[in-house]
Amino acid sequence: MKRFQWTSMFLLFLIFTLLPLGNLATASGDESSEITATIDSRPIYFDVSPQKINGRVMVPLRAILESLGAEVGWEDATQTVTGTKDGIVVTLRLNDTKAEVDGKSVPLDVAATKIEGRTFVPARFVAESFGADVQWDESRNQVIISTGAAVPDGRYYFVYNSLQVTAQDLASIKLFMNKFRSTYNVLLDTAQFKTAPQLYDALKVEQKKLGGKVAGIQIFGLASDVPSFTYVHKMKFFPGNFEWNGVEENKNDVYVSDFLYSNFKNDSKYLNDVSVYGIVQEKLPINVIPEWPVSRLLLTKGEIAKYIDNYDAYHKQTVGKSVPTVAASAPVEYQKGLDTAQDDLAFFIKRLKEDKEFGLFKDTNQRIYYKDLASNLAKENKIGVMDLVVGSRGDSGGASLKKDSMEYFFDRQSVIGLNTNYYTAFLWNFDAAAGLDADSVVHDGLAKGKMINPIAHTVPQFGRGAYNYLWLPVPTPEGETGDNWNDYVVVDKEHLEWDNPYFFVYKYYEAIGDGKPRLQSFFEADAAYAALTVANKNTLRKLSGVEGSYSANSFEILFSLHYLGLADYE
């Protein structure tokens, strides 16, 4: 008897170990692999997996509607979901075997139902209601939806760390991805990558496998969640002399930057502790021309889902509308006899609107403040939505009222208080996003205030070549003699191409004026500024009476300036 039991147990063990995994899944009650779906060959991301009910494939309604480009509405009192697209209105009620398409009653094989807090509906009914063709691929367990749109060639990477998001964060990321309907969207978990070069190589491998073009990279998380590249401050700004070799170097600090994620032309072995000196003087083969936009949502576990909701609300509130530009400026670099300071960003933005040479901001109101900055920002936030521009010296603590002062008018505390209306932010000169971590002005504005998609520095700039005037040769004044006259000349379009960081500002607002979304405008300005910087990297100029390699400043601004929110969807 004992021998029989042992033999039987051995045979059962042998059968168990040789049994295919698929049969084990079936034995446990899971009769099929996970159901997936595509629209025009791009994957749909579901916050709750589709299911088969009574032989019909049921999918979460919001995911399928938003992937089709429909607006989703919910009426709690009647438990009714509404989807609207191109004048077509589809209405479904929970547990009802009838739906309405443009007011006409349509029977459902399976009623809309709630599963894990999501409304599930028949995939075929919803897609066909909006004119799409629906097929079922039994071999792949996949719903294939075709709208007639072209198969996307661009690949958009959505990068996150599975260890640093909540279930709700991840669900929101997936639903957000579905709104990008013109690209093939890739969700990439980076938990295994400890350094940016490792992640960079993994992205290159994935792109080589997928083919097509890269449309952009969206990062979710702090630099400690999804790694950034490291940047050290070393540049040869001046030619050097017997007293000093001209090399400016900070040996104490290592900064972070996402800039190098913007192309895949580099060998990752050169991408640790990058410096301007390494690129220019040591001639390291590092390509700095961006080929696609990179954005990072500077939030971490438990903060992401709320912000995505805020961004959606801001998007609905502002789409197709003109939003005023509000500039708060605290310049310090004054020269005697000039109308304004060299580092007055608000003055330059005002010129972009008023000077015929630029002709920007044609349909946009501008309001500029130099006094009572904190109170005026609070007042503007209560008035309505705004595109905020802050130009100031300062540090990671905030924007200062005065040079070398810790008296802030825009800091971690004040951004929490700006919570009446949403506002985008362009934060210039001070390192509002130092470290790309939670200890920053930008993080608190995103997590605790109403800040949306800020542009900000990770490295303090303190002007660094941003001039409103240049000391240049001028015609001899009438009644005077000699030809060696110099004077301060207001910067024009030509002067901007002399390595002036305001060139980036001009190109950014030029793209905005052409109707481009903010991230696309940031990318185009970044690419233009990078091309200009590379072209001038060995050029010495005598600006404001001092000869130097001003493109060194430009390289640093390229590595420093970041788009720290979400990519724009249609």
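## Stop 1

Select helix H4 (residues 123-129), which holds both Glu 128 and Arg 124, four residues apart, about one turn of the helix. An α-helix has 3.6 residues a turn, so residues three or four places apart point the same way. Glu 128 forms a salt bridge with Arg 124, and their closest N and O atoms are 3.3 Å apart; the term denotes a side-chain nitrogen of Lys or Arg within 4 Å of a carboxyl oxygen of Asp or Glu. Glu 128 is partly exposed at a relative accessible area of 41%, and Arg 124 is partly exposed at 40%. Here buried means under 20% relative accessible area, exposed means over 50%, and partly exposed lies in between (1.4 Å probe, protein chains only). Helices (H or I, at least four residues) and strands (E, at least two) are DSSP runs, numbered from the N terminus.

This is a predicted model, in which local features need pLDDT of at least 70 and side-chain atom pairs count only at pLDDT 80 or more, while totals for chains, interfaces and linings use all residues. Residues are numbered from 1 along each chain as its sequence is written, and side-chain values use heavy atoms, with hydrogens and water left out.

## Stop 2: salt bridges across the chain

The whole structure contains 19 salt bridges. Select Arg 118 and Asp 47, whose side chains form one at 2.4 Å, N to O. Arg 118 belongs to strand E11 (residues 118-122), whereas Asp 47 is in the loop between strand E2 (42-43) and strand E3 (51-53), 71 residues apart. Arg 118 is partly exposed, at 24% relative accessible area.

Next, select Arg 412 and Asp 444, which meet in a salt bridge of 2.7 Å, N to O. This pair links helix H11 (residues 412-417) to helix H12 (residues 441-448), 32 residues apart. Which of the two counts as buried, and which as partly exposed? Asp 444 is buried at 3% relative accessibility, whereas Arg 412 is partly exposed at 28%.

## Stop 3: an open sheet

Display strands E5 to E9: the five form an open antiparallel sheet in the order E5-E6-E7-E8-E9. Strand E5 (71-75) and strand E9 (104-107) are the edges, each pairing on one side only. From one strand to the next, the twist averages 25°. E5 pairs with strand E6 (residues 80-85) over five bridges; two strands pair if DSSP finds at least two bridges between them. Gly 73 has Thr 82 in E6 as its bridge partner.

## Stop 4: a covered helix

Select helix H16 (residues 551-560), where 10 of the 10 residues are buried. Among them are Phe 555, Ile 557 and Phe 559. The covering elements include helix H15 (518-535), strand E18 (247-257) and strand E27 (451-457).

## Stop 5: nonpolar cores

A nonpolar core is a set of buried Ala, Val, Leu, Ile, Met, Phe, Trp, Tyr and Cys residues joined through side-chain atoms within 4.5 Å. The largest one has 131 residues, and those touching the most other members are Ile 217, Phe 220, Tyr 261, Phe 410, Leu 427 and Tyr 509. Helix H14 (residues 502-513) supplies the largest share of this core, seven residues. Finally, select Ala 37, Leu 61, Val 81 and Leu 108, which are included in a second, separate core of 32 residues.

Note on methods. Axes fitted to C-alpha atoms, helices over the stretch in contact; angles between N-to-C directions. Contact = heavy atoms within 4.5 Å.
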